[in-house]
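Good morning, colleagues. I shall present one protein model today, and I ask you to keep the structure in view while I speak.

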Amino acid sequence: MKPMRFSWKNICLPISCINNTNQKTTTNLSKERLLMLSRQTSVRSKVYLSDFSNSTISLNDFSNSFLIDIHIFTYEELKTITQGFSKYNYLGEGGFGEVYKGFVDDSFKIGLKAQPVAVKALKQEGGQGHREWLAEVVILGQLKHPHLVNLIGYCCEDDHRLLVYEYMERGNLDEHLFQKFGGALPWLTRVKILIGAAKGLAFLHKEEKPVIYRDFKPSNILLSSDFSSKLSDFGLATDGSEGEDSNFTKSVMGTEGYAAPEYISAGQLTTMSDVFSFGVVLLEMLTARKAVEKYRSQRGRNLVEWARPMLKDPNKLERIIDPSLEGRYSVEGIRKAAALAYQCLSHNPKSRPTMTTVVKTLEPILDLKDIQNGPFVYIVPVAGATEVQDIKCKDDVKVVKEETVKEAKVLPQHRGGRKNRRKNKAKKSRSVYSDTTLYKSLGTSLYTPAK
Ligand SMILES: Nc1ncnc2c1ncn2[C@@H]1O[C@H](COP(=O)(O)OP(=O)(O)OP(=O)(O)O)[C@@H](O)[C@H]1O
């Protein structure tokens with residue numbers, strides 16, 4: 001079951017993207033700053049979320065020169081790109097709205113290279129959604145990093161709010177860890193994914209005004225074809241500018257099971273809240289259990305409460321490790337990762353490591369060689385195949401055909417509801433490699449983390 005997303009106190013941003021020239025605008029410092037920034041073409045100044053609060057000025061009302069390589073799309077253009085938001089292009093749905101795959105060719109817009117994209121369409125309800133959309137544009141439009149999903153553009157037209165991202169071939173981590181597309185994620189792949197995500201968070205935290213991501217969880221970690229990870233979903237992120245505004249400090253938002261205790265109980269939001277959430281995801285990677293599993297008995301329902309006592313005890317640690325790894329991991333690596341999770345999950349935020357320390361602790365785990373070799377499984381997605389069948393078993397590499405449908409296409413009945421969508425999502429084509437296969441085919445440089 002999907003963990004509940006909570007938002008206890010809504011915030012309100014009285015911003016309209018409608019190009020209405022008669023619209024009454026407020027005169028306040030934020031507006032003046034925005035207009036000033038819009039005139040600065042030579043020097044790029046940073047724009048913060050708080051610049052938009054209590055202002056009726058919109059992104060469309062001034063030049064968006066502060067955004068880096070962002071294209072503005074019309075709703076019609078996005079309809080064309082996604083083939084009319086066709087069910088065949090449907091990728092899934094989150095709290096923000098539905099996501100569709102699309103294609104742009106290089107003739108589409110000047111400076112936009114031909115590529116597949118993911119188009120996220122905001123559900124048309126309430127002011128909360130607009131704030132999430134704006135946070136994505138303001139934060140992702142200005143911050144570029146190999147471990148943050150690249151925002152290509154946006155659409156803000158009448159009531160339509162859409163976002164256009166680079167397309168991530170392997171979907172999100174939640175699908176691989178819990179829905180097990182084609183088998184368990186190998187240990188080193190898990191470490192690689194964690195390092196990428198940790199680098200993304202470390203980058204955000206090192207900004208002049210630290211960006212707090214606030215919704216770190218597997219479904220927000222997207223994966224590229226080589227399992228490089230990127231953070232997506234910045235709708236709940238704060239860019240450190242909102243403290244001055246009481247509307248923002250009153251908000252407690254996130255996903256059940258991942259939020260830090262001091263944030264839930266006292267609304268205390270710092271970069272250490274993200275470190276706690278990272279600890280929860282690290283624990284999920286070790287155990288392949290979700291942060292909250294409602295069907296379990298009271299004792300095992302909350303992953304952190306259940307697992308924390310066992311993290312520092314080498315004898316008990318083995319009991320909680322994902323059994324589908326079948327022992328194919330570095331024991332030393334697992335111990336180091338468990339000790340790190342323990343620190344990240346400390347009740348005292350000051351005792352948690354910074355994300356930079358987390359990266360430094362995880363990176364050496366990739367080099368640990370005490371990994372037991374198991375059978376290598378290489379699952380090849382074959383369009384049109386109808387059943388799972390072993391097709392080849394040569395040397396130590398087993399090749400398996402996977403039941404699949406054409407990439408990014410789902411069965412037509414997905415509109416029957418969220419449950420069906422989830423089922424259909426699981427039928428998307430994914431190829432899965434064992435760590436050793438990846439080493440063999442691409443060399444160890446695959447694990448050289450991106451700068
Ligand atoms: N850039 C992208 N490339 C490929 N797939 C994507 C991309 N962005 C989102 N998706 C897919 O679209 C679906 C919905 O994603 P979305 O981020 O809206 O919600 P979520 O993270 O699953 O849920 P929540 O909103 O609760 O965090 C997911 O299956 C996700 O993997």
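Predicted model: local features only at pLDDT ≥ 70, side-chain atom pairs only at ≥ 80, totals over all residues.

**An annotated lysine and the helices around α8**

Lys120 is found in strand β5, residues 115-122. Strands here are DSSP runs of E of at least two residues, helices are runs of H or I of at least four, and both are numbered from the N terminus. Residues are numbered from 1 along each chain as its sequence is written.

In the UniProt record, an unreviewed entry, the annotation "binding site" covers Lys120. UniProt positions are given in the numbering used here, feature names are shortened, and such annotations may be inferred rather than shown by experiment.

Is Lys120 buried or exposed? Lys120 is buried, because 24 other C-beta atoms lie within 10 Å. The cut-offs are as follows: a residue is buried if 20 or more other C-beta atoms lie within 10 Å of its own, exposed if 12 or fewer, and partly exposed in between, with C-beta atoms placed from the backbone. Apart from neighbours within four places in sequence, Lys120 is in contact with Phe96, Gly97, Val99, Leu162 and Leu163. Contact means that the C-beta atoms of two residues, placed from the backbone, lie within 7 Å.

Let me now turn to the chain as a whole. The protein chain contains 15 helices and 13 strands. Of its 451 residues, 41% are buried. Among contacts with a separation of 6 or more, 67% join residues 24 or more positions apart.

I come next to helix packing. Two packed helices are described by the angle between their axes and the distance between the axes. The axes are lines fitted to C-alpha atoms, for helices over the stretch in contact, and angles run from 0 to 180 degrees between N-to-C directions.

Helix α8, residues 271-287, packs with helix α10, residues 303-311, at an angle of about 75°, and their axes are 11 Å apart. The two helices are therefore roughly perpendicular to each other; angles of 65 to 115 degrees count as such, under 35 as roughly parallel, over 145 as roughly antiparallel and the rest as oblique. From α8 the contact involves Val280, Leu283, Glu284 and Thr287, and from α10 it involves Leu303, Val304 and Ala307. By class, these are 5 nonpolar, 1 polar and 1 charged residues. Nonpolar covers Ala, Val, Leu, Ile, Met, Phe, Trp, Tyr, Cys and Pro; charged covers Asp, Glu, Lys and Arg; the others, Gly among them, are polar.

Helix α12, residues 331-344, packs with α8 at about 145°, with the axes 8 Å apart. On the α8 side, the contact is made by Val275, Phe276, Phe278, Gly279, Leu282, Leu283 and Leu286, and on the α12 side by Ile334, Ala337, Ala338, Leu340, Ala341 and Cys344. The classes in this contact are 12 nonpolar, 1 polar and no charged residues.

What is the arrangement of α5 relative to α8? Their axes come within 11 Å and cross at roughly 175°, and that makes α5 roughly antiparallel to α8. Arg190, Leu194, Ala198, Leu201 and His205 of α5 meet Thr271, Asp274, Phe278, Leu282 and Met285 of α8. This contact has 6 nonpolar, 2 polar and 2 charged residues.

Leu177, placed in helix α4, also reaches this region. Beyond its neighbours within four places in sequence, Leu177 is in contact with residues including Glu284 and Met285. Leu177 counts as buried because it has 24 C-beta neighbours inside 10 Å. Leu177 and Glu293 are 116 residues apart in sequence, and their C-alpha atoms are 14 Å apart in space.

Finally, I draw attention to two backbone angles. Phe227, although not a glycine, has a positive phi of about 65°. Phe227 is found in the loop between β8 (221-223) and β9 (229-231), and with 24 C-beta neighbours inside 10 Å it counts as buried. Glu326, also a residue other than glycine, has a positive phi near 50°. Glu326 is found in the loop between α11 (314-320) and α12, and it is exposed, with 11 other C-beta atoms within 10 Å.
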